[in-house]
Amino acid sequence: MLSRTTATASLSVSALSSRNPSLLLCHLSLKTSRFFGLEKLSYISPNPLSNLSSIRWNSNKNNSDNTNKSNKCDSSRMEGFTTRASAQPLKNAEELIDSVETFIFDCDGVIWKGDKLIDGVPETLDMLRSKGKRLVFVTNNSTKSRKQYGKKFETLGLSVSEEEIFASSFAAAAYLKSIDFPKDKKVYVIGEDGILKELELAGFQFLGGPEDGGKKIELKPGFLMEHDKDVGAVVVGFDRYFNYYKIQYGTLCIRENPGCLFIATNRDAVTHLTDAQEWAGGGSMVGAISGSTQRWSCSTFMMDYVANKFGILKSQICMVGDRLDTDILFGQNGGCKTLLVLSGVTTLSMLQNPNNSIQPDFYTNKIPDFLSLKVATV
Ligand SMILES: [Mg+2]
């Protein structure tokens with residue numbers, strides 16, 4: 001039994017405007033999700049970007065038409081499901097490196113923990129670059145834009161270009177672009193600055209975000225909250241200033257504006273805001289909106305976006321991450337090789353727990369093991 005499913009550095013979309021949202025938007029691979037007690041299974045088509053290009057924002061659909069149909073991922077198509085063998089400890093890093101053209105690294109728990117760089121990472125990245133490997137860095141954290149992430153890499157002493165970074169804030173804007181979201185419609189943002197910056201760069205109108213962080217609702221008899229009828233999408237990401245005003249505003253838009261999309265940048269249960277403990281993640285904000293709208297989003301497209309942008313065969317990509325139910329599943333669903341590192345949230349005992357069915361191809365303690373394991377073939 002697979003566990004709760006989300007996807008790394010990708011976004012989830014409730015496409016209320018689509019005629020068959022469960023198939024059109026559940027487009028990465030087979031996945032099972034337990035979310036608010038629901039168990040959802042979806043088959044995702046192998047070429048999501050081509051699907052995405054055929055999806056158009058459509059304001060003519062009546063929301064009531066979709067309420068009980070959308071976001072219920074298709075549970076009837078399980079043909080893509082395969083049981084994987086147990087993960088193997090990485091013994092021959094050179095062989096893995098030679099077989100891969102591109103490494104996609106999750107950041108938190110792989111490259112850094114909180115604001116601390118993991119020892120040996122710079123040397124490892126240098127070695128991979130010297131071998132001509134393409135490196136891509138993905139992050140579910142939507143609080144920063146790609147440019148802001150570039151600065152974080154720089155601060156940590158890592159030389160990474162903006163083009164190599166894929167944050168879920170960017171993914172939200174890229175997704176809206178890919179579906180030709182109308183420029184005269186607005187996006188309501190529950191999230192932080194990163195989403196606003198990426199929407200602005202993409203030329204979309206938006207409202208909400210940090211600006212609504214201090215807003216309060218005074219419940220007087222007969223009080224009615226107005227909302228902008230031109231909001232055509234609500235983007236929800238991690239938000240330290242989450243409040244009831246935002247929940248109600250986003251809920252009104254999704255429930256009352258015809259065709260309004262519900263886009264989740266990620267559904268991480270926990271995140272590492274500091275390296276001292278785990279903190280409630282973006283899933284807590286997304287969960288609140290799902291709770292009030294009774295809508296769940298279930299799709300991702302980041303892996304395909306990366307593969308298409310760089311023209312990479314997915315079989316030549318290795319997804320490296322510290323979470324089973326996000327990073328590893330994301331890589332597997334995308335048809336990539338997968339490497340779990342134990343430098344983040346997953347321990348060896350969690351990996352080997354009989355109840356865990358998500359098995360990466362390989363696991364190792366941390367990515368600097370690439371350096372020490374490189375002579376394993378000799
Ligand atoms: Mg991580």
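**View 1. V160, a buried residue.** V160 counts as buried, because 20 other C-beta atoms sit within 10 Å of its own (buried means 20 or more such atoms within 10 Å, exposed means 12 or fewer, partly exposed is in between, and C-beta atoms are placed from the backbone). This is a predicted model, where local features need pLDDT of at least 70, side-chain atom pairs count only at pLDDT 80 or more, and totals for chains, interfaces and linings use all residues. Residues are numbered from 1 along each chain as its sequence is written.

**View 2. Who touches V160?** You'll find V160 in the loop between α6 (146–155) and β9 (helices are DSSP runs of H or I with at least four residues, strands are runs of E with at least two, and both are numbered from the N terminus). Setting aside neighbours within four places in sequence, V160 is in contact with F137, G150, F153 and I165 (contact means C-beta atoms, placed from the backbone, within 7 Å). F137 is 23 residues away from V160 in sequence, and their C-alpha atoms are 8.7 Å apart.

**View 3. The open sheet.** Seen strand by strand, the 7 strands run β4-β18-β17-β16-β5-β8-β9, with parallel pairing (two strands pair if DSSP finds at least two bridges between them). β4 (88–89) and β9 (165–167) are the edges: each has a single partner strand, so one side of each has no neighbour in the sheet.

**View 4. β5 alongside β16.** Strands β5 (residues 102–106) and β16 (residues 317–321) run parallel, joined by 4 bridges. T102 has I317 as its bridge partner in β16.

Key: Contact = placed C-beta atoms within 7 Å.
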